[in-house]
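My entries follow in the order in which I looked things up.

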Amino acid sequence: MNNKKNGEKNIWLIDMIERIPHFLAVVFAVYMIVTLLMNAILNNKMNRYYRPNYLIIPSEVWLCCAVALLALILWIINFCTRKICLSEKQFYIFLIINFVVIYLIQLFISRNIYFKTGWDAGVLIDNAENIALNGADGVELDYFSWYPNNIFAVYTLVFFYKIAVVVHKQNPYIVIVAINNLLVNISVLLATLSIYKITNKKSVTIVSMVFGVILIGLSPWIVIPYTDTLGMIFPIGAVFCYVFLKNRYLRYFLFVALCEMGYLYKPTVLIGVIALVIIKSFSLLKRLLHNKLKLKMLVKTSICILMAALCVAGLNKAVIGMNTTELDENKAMTMTHYFMMGLNKTTEGVYSRDDVNYSISFGNKDMRKKGNIEVIKQRYQEMGASGYITQLVKKNLSNYNDGTFAWYREGNFFVEIPEKDSLAAKLLRRFYWWNQVGEENMYQVFASIEQVVWFFVLLCIAGCVLPGCKINNVEGLLALTLIGVSLFLLLFECRARYLYIFSPLYVVLAGIGLDKINYFLHDLRRNNMKTKGEK
């Protein structure tokens with residue numbers, strides 16, 4: 001009798017565990033629905049210091065456009081599904097040819113709109129040029145003592161500059177921009193291939209590819225070689241390996257290795273590993289309940305993860321060792337600094353120069369942490385629970401209510417602009433640049449297109465609330481990763497730009513959601529026809 005009760009309990013637990021990936025997707029989908037409603041209703045009404053976007057037409061209009069676009073896309077998918085007569089091999093060739101063409105378009109756009117920027121991206125470029133072209137021994141002391149996490153990105157750029165000098169000695173920077181384009185291009189390609197592998201729907205894949213290209217591949221951020229673009233290939237590369245590789249151990253090794261490589265550019269990429277560990281912990285529990293857990297498999301998997309971590313740590317140590325500048329470890333910013341900045345009511349959780357000055361005023365890490373914690377307590381006490389909720393709402397709007405990913409929103413943005421008089425340069429600069437080329441600027445058109453596409457992507461992700469035709473662990477992994485990223489940006493310093501590195505993951509999850517919406521409507525029509533037939 002006890003064995004029977006235990007068996008029933010185990011079946012119930014196993015059923016619950018199997019539902020967890022879909023549950024996580026539902027949680028994130030609901031969050032996206034709430035976010036879209038907040039974007040439409042609140043838009044720029046709450047934020048006073050940092051407006052989420054500078055669109056003239058309010059966001060509720062663009063949300064309505066995204067809904068209409070979704071309806072049109074669903075009709076196109078149903079119409080075109082039977083029209084696509086490509087074999088598996090032909091379809092993969094078709095996708096690769098498309099991305100070669102897209103890369104050429106990216107190069108054409110970049111050649112006409114590229115410029116050198118200031119802020120952190122400019123610091124990295126200047127230091128990389130000094131090392132690669134001028135023979136400097138290392139990076140500048142103060143900035144990289146404050147932000148040592150950017151050293152790996154500098155030496156990535158140094159490596160690219162050494163290639164660039166060979167290719168184009170007169171203007172190596174344009175080659176750096178071209179490499180940057182390629183990294184973004186490959187990232188969108190990997191997202192597209194992952195969508196096809198997951199959904200096995202050519203029409204859904206093509207639609208997702210188009211919107212991924214518009215949102216990510218043709219974004220003006222492709223001309224800014226910084227951690228957002230240099231590191232983009234790693235989180236989506238990890239997802240690609242997870243989806244495509246059949247060998248369990250190789251899959252985990254590459255997933256962890258790529259996420260940890262991404263961590264060297266943007267620390268938030270490590271959230272992918274945390275998400276994997278959580279998802280796989282449930283899988284292990286399921287195997288345990290089925291009495292199928294093999295200790296040998298668990299040990300091998302753990303060794304693969306450990307080896308991946310050690311390989312990346314060794315690579316990082318080797319790269320950091322190239323820098324001969326003796327950095328002051330006591331100056332390094334800690335997580336408490338970013339948490340303090342996230343609680344800044346005046347700047348609404350975005351970058352604050354006053355907070356940076358306050359943090360660097362302390363002589364060592366311990367004093368800095370203590371000072372940060374005192375300010376954190378003070379700010380939370382002043383806000384209270386309702387004030388903190390208001391702060392979180394403002395930060396969520398800053399993160400999710402800008403389809404351009406905060407383009408042009410960094411300080412000292414246009415530093416060195418090449419002179420170009422061609423018609424293409426004039427038109428593209430008018431389209432992409434804001435407040436830089438006079439009254440005939442078309443920035444509003446560009447920003448409006450990006451906003452509609454971004455809302456469309458979030459709307460498709462909302463479709464993950466619906467049941468699919470099969471259980472999909474990738475959906476849960478993506479959802480949990482993006483939940484983690486969103487929570488991180490709500491707690492710490494926020495910026496829409498910080499989502500750009502994860503934008504291919506949003507597109508993959510949107511592709512899954514779009515497939516679910518299409519499947520749900522198809523199933524609904526089929527049931528209606530069946531009901532009418534029975535009558």
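**Helix α3 and its cover**

I began with helix α3 (residues 88-113), which has 26 residues and reaches 37 Å from its first C-alpha to its last, close to the 38 Å expected at 1.5 Å a residue. Helices here are DSSP runs of H or I with at least four residues, numbered from the N terminus, and the expected span is 1.5 Å times one less than the number of residues. I noted that this is a predicted model, in which local features need pLDDT of at least 70 and side-chain atom pairs count only at pLDDT 80 or more, while totals for chains, interfaces and linings use all residues. Residues are numbered from 1 along each chain as its sequence is written, and side-chain values use heavy atoms, with hydrogens and water left out.

An α-helix has 3.6 residues a turn, so residues three or four places apart point the same way.

In helix α7 I looked up Asn181, which counts as buried because its relative accessibility is 0%. Beyond its neighbours within four places in sequence, Asn181 is in contact (heavy atoms within 4.5 Å) with Tyr103, Gln106, Leu107, Ser110 and Ile222.

**The nonpolar cores**

I next turned to the nonpolar cores, sets of buried Ala, Val, Leu, Ile, Met, Phe, Trp, Tyr and Cys residues joined through side-chain atoms within 4.5 Å. The largest has 154 residues, and Phe28, Trp407, Trp454 and Tyr506 touch the most other members. Helix α7 (residues 172-199) gives the most to this core, with 16 residues. Apart from it lies another core of six residues, including Met340, Val375, Ile376 and Met383.

**Positive phi**

Most residues other than glycine have a negative phi, and most peptide bonds are trans. Phe405, although not a glycine, has a positive phi of about 60°. Phe405 sits in the loop between α16 (365-400) and α17, and counts as buried because its relative accessibility is 0%. Asn43 also has a positive phi, near 45°, and is found in the loop between α1 and α2 (59-80); with a relative accessible area of 8%, Asn43 is buried.

Which residue has its C-alpha separated by 5.2 Å from that of Tyr338? I found Phe492, 154 residues apart from Tyr338 along the chain. Phe492 is in the loop between α19 (473-491) and α20 (503-534), and is buried, with a relative accessible area of 15%. Leaving aside neighbours within four places in sequence, I recorded contacts of Phe492 with Met335, Tyr338, Phe339, Gly342, Gly349 and Lys395.

**Helix α13**

Last, I checked helix α13 (residues 295-320), which has 26 residues and reaches 37 Å from its first C-alpha to its last, close to the expected 38 Å. The buried residues of α13 are Met297, Thr301, Cys304, Ala308, Val312 and Val319.

Conventions:
Buried < 20%, exposed > 50% of the residue type's maximum accessible area, 1.4 Å probe, protein only. Helix = DSSP H or I, 4+ residues; strand = E, 2+ residues; numbered from the N terminus.
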